[in-house]
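Reader: I would like to go through the labels used for this model and ask what each one rests on.

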Amino acid sequence: MLQKFENHIAQNFPFLNGKKLLLATSGGIDSMVMVDLFQKLPFDIAIVHCNFQLRGMESFEDQNFVQNYAEINNIELFITQFDTAAFAEDYKLSIQLAARELRYSWFYELLDTKKYDYILTAHHADDNLETFLINFVRGTGLDGLTGIPEQNDKVIRPILILSRQELEQYARENNIQWREDSSNASDKYLRNKIRHNLVPILKELNPDFLSSFQKTQTYLQESQTMAEDASIMVYQQVAKENGEDIHFDLNQLKKLPNYKSYLYQWLNEYGFSAWDDIYDLVDGQSGKQVFSNKFRLLKNRDFLILSPINLEVDIEEYFIYKNQKEVNIPLNLSFCKVADISLVPNTTIFVDEDKLWFPLDLRRWKKGDSFQPLGMEGKSKKLSKFFKDQKLSLIEKEKIWILCSDNQIVWIVGLRQDERFKVKNTTKNILKIQLE
């Protein structure tokens with residue numbers, strides 16, 4: 001098996017040569033075999049162990065076991081302890097998710113602070129099969145059936161090609177000691193139920209089931225790659241990126257014979273789960289939204305607009321004082337006196353400075369705000385009506401700032417100047433205001 005493993009590393013992970021590797025080691029048979037295999041190859045390794053304090057003294061006995069192994073074999077060791085149950089309670093997570101979050105957060109911290117290059121975990125072929133079946137039972141798309149990736153950023157899973165049976169045989173032949181996790185015997189968790197009850201039946205039906213499964217998963221991975229390539233090509237026809245937002249053209253989208261699959265492919269990474277609600281947006285009423293934890297999807301006329309949710313609370317008002325040359329928050333605005341005016345885009349206005357009362361007020365628009373659009377002398381218009389005429393989406397309206405003088409709107413920044421402050425023949429002092 002050592003030769004099989006060495007060939008696998010040379011063929012699939014040649015970039016590990018000369019790198020500093022952290023081996024995640026629980027003390028169980030899979031991680032202890034992984035450590036032994038890497039000890040027999042010319043790699044610079046260290047051991048990392050997490051004590052999640054979930055099994056009383058047994059957790060500390062695991063820690064002592066790993067610590068003694070590292071000392072005997074002269075391997076650098078990093079150990080940490082987590083109050084996993086408290087973390088799970090505080091953040092409303094399951095114990096498994098809490099442990100995963102704590103573990104990988106610490107791993108990446110070690111990579112940074114201790115100057116290591118990669119984290120290696122001991123997931124094996126049977127773990128991969130169990131993950132597939134868990135996702136299959138719960139319901140999943142193609143991505144959930146392709147299994148545990150061999151590499152995810154700085155995390156490498158080098159023994160995914162090895163079965164539990166191979167690991168057990170190698171451990172016996174090489175007199176490798178390991179710790180048994182008592183929780184593995186319980187059917188409390190879904191993974192254990194599948195491991196103890198479902199997988200043995202599948203292997204009984206087909207003694208070579210694990211090998212057949214690995215071939216099937218290879219085909220699924222190839223299908224996923226093909227689907228991703230098609231998704232990228234269609235995305236270029238349907239989507240347009242606008243700053244942090246992405247606009248999906250519904251007219252183009254609905255020409256696709258299976259547009260729901262494309263939407264899932266594009267939006268899955270943004271944390272959405274209410275897929276029926278998302279699909280209903282396509283033909284839904286303009287203004288309806290679907291949220292994930294960090295993003296929202298808005299139906300706006302003929303578009304779906306994906307945008308991040310701003311979790312920071314904006315300061316409602318900023319003041320600009322006389323003779324101030326520029327401001328940088330919340331917008332980049334510059335102020336300068338000029339002798340005359342010229343044709344400019346909507347990002348620049350010219351105003352009669354003598355009509356301004358300082359300090360000017362830069363704020364978010366509010367319901368009930370109105371102004372006199374430039375060119376409409378004596379006629380007032382609600383901002384809400386103006387935005388509707390401009391066909392602004394809810395997201396675009398939320399980003400609007402207005403510049404005010406003595407509670408009168410001078411400028412809907414970047415969109416329209418107010419008539420009352422325009423430069424006339426009688427104007428003596430012209431102030432140019434520009435949005436950078």
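Reader: Why does F38 count as buried?

Author: The model is a predicted one, and the relative accessibility of F38 in it is 0%. Buried means under 20%, so F38 with its 0% counts as buried.

Reader: What makes the rings of F5 and F38 an edge-to-face pair?

Author: A search of the whole structure finds 23 aromatic pairs. In the pair of F5 and F38, the ring centres lie 5.3 Å apart and the planes stand at 85 degrees. Centres within 6.5 Å make a pair, and planes over 60 degrees apart make it edge-to-face; therefore F5 and F38 are an edge-to-face pair. F5 belongs to helix α1 (residues 2-12) and F38 to helix α2 (residues 29-39), and the pair links distant parts of the chain, 33 residues apart.

Reader: Is F5 buried or exposed?

Author: F5 has 0% relative accessibility, so F5 counts as buried.

Reader: What makes F82 and W106 edge-to-face?

Author: The ring planes of F82 and W106 are at 80 degrees, with the centres 6.5 Å apart, so this pair is edge-to-face. The pair links distant parts of the chain: F82 sits in the loop between β3 (76-81) and α4 (84-90), and W106 sits in helix α5 (residues 95-113), 24 residues away. Both F82 and W106 are buried.

Reader: Which residues do ring pairs link into a cluster?

Author: The cluster consists of F52, F82, Y104, W106 and F107.

Reader: Why is S163 called buried with a relative accessible area of 11%?

Author: The limit for buried is under 20%, and S163 has 11%, so S163 is buried. S163 lies in the loop between β6 (155-156) and α8 (164-173). Leaving aside neighbours within four places in sequence, S163 is in contact with A125, D126 and L210.

Reader: Why is P200 called partly exposed?

Author: Buried is under 20% and exposed is over 50%, with partly exposed in between. The relative accessible area of P200 is 38%, so P200 is partly exposed. P200 is part of helix α9 (residues 190-205). When residues up to four places away in sequence are not counted, P200 touches I194 and R195.

Reader: Why is F136 called exposed?

Author: F136 has a relative accessible area of 56% and is therefore exposed, the limit being over 50%. Its place is in helix α6 (residues 125-138). From F136 to Q390 the distance is 47 Å, C-alpha to C-alpha, and the two are 254 residues apart in sequence.

Reader: How many residues does the chain have, and what share of them count as buried?

Author: The chain has 436 residues, and 42% of them count as buried. Its secondary structure comes to 15 helices and 22 strands.

Reader: What part of the contacts with a separation of 6 or more comes from residues 24 or more positions apart?

Author: Such residues account for 65% of those contacts in the chain.

Methods: Residues numbered from 1 in each chain as written. Predicted model: local features only at pLDDT ≥ 70, side-chain atom pairs only at ≥ 80, totals over all residues. Heavy atoms only, no water. Helix = DSSP H or I, 4+ residues; strand = E, 2+ residues; numbered from the N terminus. Buried < 20%, exposed > 50% of the residue type's maximum accessible area, 1.4 Å probe, protein only. Contact = heavy atoms within 4.5 Å. Phe/Tyr/Trp six-rings, centres within 6.5 Å; stacked < 30°, edge-to-face > 60°.
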